[in-house]
Amino acid sequence: MASLTESQKRGALTHPDVSHYSEVNRDVLAMLSTPGKGWWALFGIAVLGVGLFFGSWFYQIYRGIGVSGLTSPVGWGAYITTFVFWVGIAHSGTLISAILFLFRAPWRQSVYRAAEAMTVFAVMTAGLFPLIHVGRVWNAYWLIPYPNQRFLWPNFRSPLVWDVFAVTTYFTVSAVFFYLGTIPDVAAARDQATGLRKKLYSFLAMGWQGTDREWHHFGKAYIFLAALATPLVLSVHSVVSWDFAVGIVPGWHATVFAPYFVAGAIFSGVAMVITLAVPLRKVFGLEAYLTTKHFDALAKLVLLTSLIVFYAYLTEFFMAWYSGEPPERQVFWNRLFGHYWWATWIMLVCNGMIPIMLWFKRVRHSIPALFVISIFINIGMWFERYVIIVTSLSHEYEPFAWGVYRPSMVEMGILIGSFCWFGFWFLLFTRLLPPVAIAELKEVLPAPRRGKKAQEVEA
Amino acid sequence: MSEKNGILASFDFLDSTVEAIEELRRAGFKKSDLTAYAPFPEHHIEHAMGYGQSPVRVWTLVGALTGTATGFAFTAWSSMDWPLVTGGKPILSIPAYVVIAFELTVLFGALSTVLGLFINSKLPGFKPPVVYDPEFSSGRFGIFVVADGARLNEARSILESHEPSELREGAHA
Amino acid sequence: MSDGIKRRDFLKVLGISGAGAGLTGCSTEDVEKLIPYVVPPEDITPGVATWYTTVCQECAAECGMWVRTREGRAVKVEGNPSHAVSGGALCARGHSSIQGLYNPDRFTGPMRRENGALVPMTWDEAEAMLAERIQGAAGNVLLLTGQLGPTESDLFSRFLSATGGRHVEHDGLADAPLREATRIAFGRDVVPAYDFESAGMVVSFGADFLETWISPVEYGRGFARSSGEDHGSKGKFVFIGPRLSLTGQNADEWIPIPTGSEAAVALGMASHIASRGADAGPYSSVLAEYTPESAAAAAGLEANTIRDLAEAFAAATSVAVGPGQAGHHRGATAANVAVHILNAVAGNIGSTVHLTSPVQSSSSRPYGEMQVAIRAMAGGDVGVVMVRGTNPAYSLPGSSGFSEAFSEVPFKVSFASEPDETTAMADLVLPDRHFLESWGDSSPRPGVFAVQQPVMQAVPHFDTRQTGDVLLNVAARVGNALGPASTFEHVRSRWQDLHARSGSGLDFEAWWKTALKTGSVTVGAPGRQEAVALRAPDMALAFDPPSLAGEGDFTLLVYPSSRLADGRHANRPWMQELPDPISKLTWHSWVEMHPAAAEAHGLRRGDVVTVSSPEGQVTLPLFTYPGIREDAVAIAMGGGRNESGRYASGNGVNPMNLLPAVVEQPSGTLALVSTRVSVAATGERYRMATIEGSDDQSERNIAPAVALAALGHAAEEDHSEDEGHHGLQEMNLMGGFAPVETEGEAQDFPLPGSQYGEYGREGTPRWAMAIDLDKCTGCSACVVACQSENNVPFVGEQQVAMGRDHSWIRIERYYEQVDASHAGPVDVRHLPMLCQHCGNAPCEPVCPVFAAYHTPDGLNAQVYNRCVGTRYCANNCPYKVRVYNWYTYTDVPEPLQWSYNPDVTIRNTGVMEKCSFCVHRIREVQNRAALEGGRGVHEGEVTPACQQSCPAEAIVFGNIRDPESRVAEKAHNERTYKVLDELINTQPAVHYLKKVTFHEVESGGH
Amino acid sequence: MDCQYCHFSAERSVDAGIPPVSTCMGCHLMIPGENQPEEITKVREYWNDREPIPWVRIHKVADHVHFPHMRHINAGMQCQECHGEIQEIGVLEEPEPTWGKGKMGWCVSCHVERDVRRDCTVCHY
């Protein structure tokens, strides 16, 4: 009967030092054992940060949105910037898990679980920012269409309502997708755990046994979900980009925005995956599963998206000049040399220049280098959104109404807090759910065979 | 579902599992009498069990189409219900509604897919199984055959011929 | 909306007495108490506004006022259309009188000073105390007052004749040199009335007749009527002076002469005209001396500039005015005489300059007499000094020695109703009533009389008494009852005499009632104007530029602020936050310097500098201004109040502290331009509270202009530019695109695709506005009127500095051509920017909850209570007219919230707001029309606050669907354009009419 | 008796108006009142003390809502349509208006029913 499938051969190559399924269970489930000092330290910081996050937010609700640095004409600032940033981060997760799944990319198995978790938590974080941003958060539920005695419905022409639908859909689908993927692994954990954890996992596994019927439907469902998630991920950041592109603000009103934002999202997301994967690998000793090959692949993806994004920058500037419209030109001139020149140059250097180093194999294969570069990219991408939003608003059509915006301490606190809020959930995840997909890893390992057939394989 | 008596065999090796299933099938054991266990989706086993297309895809399709319809119908209706002009745009701004329709397509599609999966694969089942080998989720494969009397013996002999690492009789939910 | 104050708090004021207490911090929770009347006044219907006429007392112009009251509470002041001076309009300062009335810092009752602190007392004690001291003073009583109405001054003089003592009337803003010059030149001791309306050419030698000079509202209207383009003709305005004031910015040409050379230039012009045969009477010799050449030399000009100007001046029906307060230097009187000579030789006396119907004006020698008084006080010759309606301790230079002398007086009484620097030294404070609470009268012109009646009961928070009544009581106590029991009776009795003279058929009561209703009566108005000949001067006049004290590089120009005047309005947040028409700065002071001069001194806008004169120094931020000569710096009066209320104290600096106490002779006024100063950087920077982003249009053509010559055949060009509107397409239901049946005209709203439901109904109006930029002077009256009408809050300096200014109308000011180096055209564009109520409003579709949407009658509505505060609409508004409540700004100290308009919702934190086209006024009229048998709304029946208050009559509002309406007519004027419409097809409902210039401009650009 | 005898401005103003004490005394100078004479004496005391009666407000719409009484009265509506059978109730303890607390739908459905304008700025500005 069947010899090794292609993917299994490649799998064998990707994970040379893993020989048997049970080792996978052993290694992966080992991560769920009692955490070390490092983890507790990080977790402590995260908890403090979450305190800062909600502390600042409640202070803002109590005093009024005026405690932010926002002003006229710059009504959107750090909050929306950070919202877009986190939504962008989310994207690579779905990309790696869904799109690469559909394309059968061999190297995704070991990273996609972490990436998916990142997606879910990133969307959770992003979803808070519109609430933080609005002046009367206690009325924010009016954006949700629900039958009410006023006979009022939201305005479906507003990109913000599109946002509500896109982001909630994205959160639901990616959460479901994530959870579904974990079920077999949770079952595995269940079969080895004891006590409270056993109860937890038994509940989460929902009685999964790995029967033929379960696997059969599971496989189909998983493919369909992946097929649905793929256009979804593209749509979500397109919708986010339309928050700007639908506006008439010079510097926003550009048709290139949707693809430009999607590319940027994947760019920043993959960078964030690297940022997270490197320490994860170190702490949990996953060298066997996260090999330089994986990082090499990720780095290439970063390089590609970086080129797309940088091309988009150039297009923007060219179109502004080519349009000949004074307001349009003014905005882009102001970006480069105006009040916010520094932000623009941070953006250009971090997202356009630094990734050029990834052309070199030595860089792609040096984990520390990748880690540093990925950090720069995260910074650069935050500033990209900052530049798009703030510089455009500060120099609009009406010269007499031009103004500048300086983020306040409260905004900074919430920005920093949001990272801790994200880290809080991610750290919990590494301790409670198998951070590496057990079952799918086995798909790419050589199946154990009896006697001579097994030797044939080695030969 | 009533309890069915039968025999459970655990295997260390994939090929022996597959061959055992094929032999059982040849021996006339119905697909419904057999349950195979694997630590990951193994298409050899599925093939041996003789599965066709999964009905889940129908759930996905129906859900998705419902989503599209809802998306357009709801936005259009709510706009007409209390017509308010914004930005000089038509009361029915179809292009804008496409976004909503699309998102609902995906949402409904995904949710009904999951629903389909659960119903088809009889999940969730929280009753702890009597005969189940925890190793199934780790390294082992397994076959449970529903049978009694003579058929049971026949099944046992077939299974034994494939050198199972463990052989147990018991009831299965 | 707001938990703090509720729109309907006024219901609790119904029983006016003592109900005020009920207003404090009520919240939605606690049960509301409704306080009805015991006996209702017959003329008040709850929920329906009652209007009373009275007279504005904010400046000497004495405009007639209409005061809108609700349930016995004054909520808004407006100009009285049937009054000779205001003609229905009102200036920004007039509007702010409401905040003077409800000023939270007013004295709560009579007080006396005991070891430094003021302690409350009863009126009875207070009057007894005053009576006793006056008896003690044995006739050495000094009464210092500001401008007084006829009845009051009669009352006061009676009082003084009874008790013995002197009266000094001191109004720092009175143009005494003009009056003295008129006496010298024509032998009439009056301030002439100028007729700008019929003047085809206006030459101002520095008089700010649109801001602070004599009668700004009246002159503003007249000026706008003559200089506003109409059927291809337009009056010309030349401004001559060292600094472009707001008035100057409205000029067509600026001749930037050095301070003090006004006389030379005026005489130079006159002599040129005279050389063409005009008769200069006794001044021929002078004119022979001051040829255009000598004038040119004195002023650093080309002689031809003066000749050309003179010829144009002689040719047109012209008027020359000035130099005004900004030109109150040592030679002010002579300069005024020179201007009179110019008017005389040009034959303007009797045609545009009226001496027989002069402007009622305050005392002739304001500072001269004050100096005598100061000497008397210093010499211990004054037993009791009483101060009322003036604040010399602040408004006179420190070097005048007023404060020292004042403190010498054993007993000092102040009738001020709110704290000021003079009152801070007083022993007894007898708070006067605000003019909206008290009786009086005025006679702004010979023959024109107006009653100043209380429009409401005195604000219950403050136990005040009208000074006239106090004096009557005191007189009675000292045993010299003056006759009338109260000011009211006195006014009535004097008006009975007036009635007798009026020869009116009505009996007194009826006549009196009509007087109260209409606001003014005319009795014995002078007949037609006759020309008055020049008369030989009775004293020597020095027409040469006066000397200046001090050494510094710059001449210091001190001028009355168009917002705070001489500081009297400083404690009104509306005035503090109203952007200065020139600098667009709020709250704090600044010193104006020419950019080139600043560069030469290594200074930048926003640098904190020290301005020093021999008399002292002040430290304040620098504002670079191209409209001032390089050898001068300017500081406005009104800053640096230290003993005032919470809004004024500590804001800005007082330039008077830089001035030597110099009396201009012979007029005896205080010379405001008398010293040179040096300016030095401190190294600090100041984040200025400005609303200005850029003063350059950056190729946007927000405020285009058209040359007068280009009018008439501009039509074809305009046509070609309309192309942009055709071929507009919209996505149609079946997919694909369909052409939009519109040319982007306001009346085309809504587009075919939207004509559904109420939007499809026939006969719904489309409200629209037209603003004539050739009339608009940028005076900012509309800004305050809007603030008062729509409960627009003030936000404070720090918030404005952050860019969170809150006003619904913003007067944008763009410089096109301003050159201080030589005579030439000046082109400054003022554009009132308010919500354009676009047909295709970009702000609307982005609102997720329909808080911003378009009403069937074409209003761009903002539903406050629906707003969630995403601020997307503000981002997407190309005109940046949406303002956001970053905090709850509407919580104001008691009783300031009494000024809130009950018809307009009060907004609190997190809500977006903007101009509503005064939708509440529209609804009010619609309601009235519905009650009157469901008739339609007449043209002109709805007037937004801005239009109502505009002295220049630049704003027109109405239903543009009605082809007969004025707005429809304006909308089709060849000058009409819509801001940014070509660029982004917003189809605004606000139509602007281009400014018209005499010089060439790259026309419109549209 | 007619509501508008006391709420005198309902048909010509936005506000219905609250009766001044003099209005009450118009009748109660004579009529002592059968069922609750003590209430009447209270009224008389206010009148004698020249004190306004501090009526307790029970029916009020939210502060951001403008309800022009006269438009509704002149459209032939009865007070009861909004205020309920108020004349039957002796003393209102429970401050619960017919339209509920902030029940905009209550107004809207009526406006829809009668096909009168219901765009937001009819009530909200």
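1. Glu166(B) comes out partly exposed at 29% relative accessibility, while Arg140(B) is buried at 17%. (Cut-offs: buried is under 20% relative accessible area, exposed over 50%, partly exposed in between, with a 1.4 Å probe and protein chains only.) This is a predicted model, where local features need pLDDT of at least 70, side-chain atom pairs count only at pLDDT 80 or more, and totals for chains, interfaces and linings use all residues. Residues are numbered from 1 along each chain as its sequence is written, chains are lettered from A and ligands numbered from 1 in the order in which they are written, and side-chain values use heavy atoms, with hydrogens and water left out.

2. Those two side chains, Glu166(B) and Arg140(B), form a salt bridge at 3.2 Å, N to O (a side-chain nitrogen of Lys or Arg within 4 Å of a carboxyl oxygen of Asp or Glu). Glu166(B) sits in strand β4 and Arg140(B) in the loop between α4 and β3, so the bridge ties together parts 26 residues apart in sequence. (Helices are DSSP runs of H or I with at least four residues, strands are E runs of at least two, numbered from the N terminus.)

3. Over in chain C, Arg465(C) pairs with Glu127(C), closest N and O atoms 2.7 Å apart. The loop between β19 and α17 holds Arg465(C) and helix α4 holds Glu127(C), so this pair ties parts 338 residues apart. Glu127(C) is buried at 3%; Arg465(C) is partly exposed at 27%.

4. For the overall count, the structure holds 66 salt bridges over all chains.
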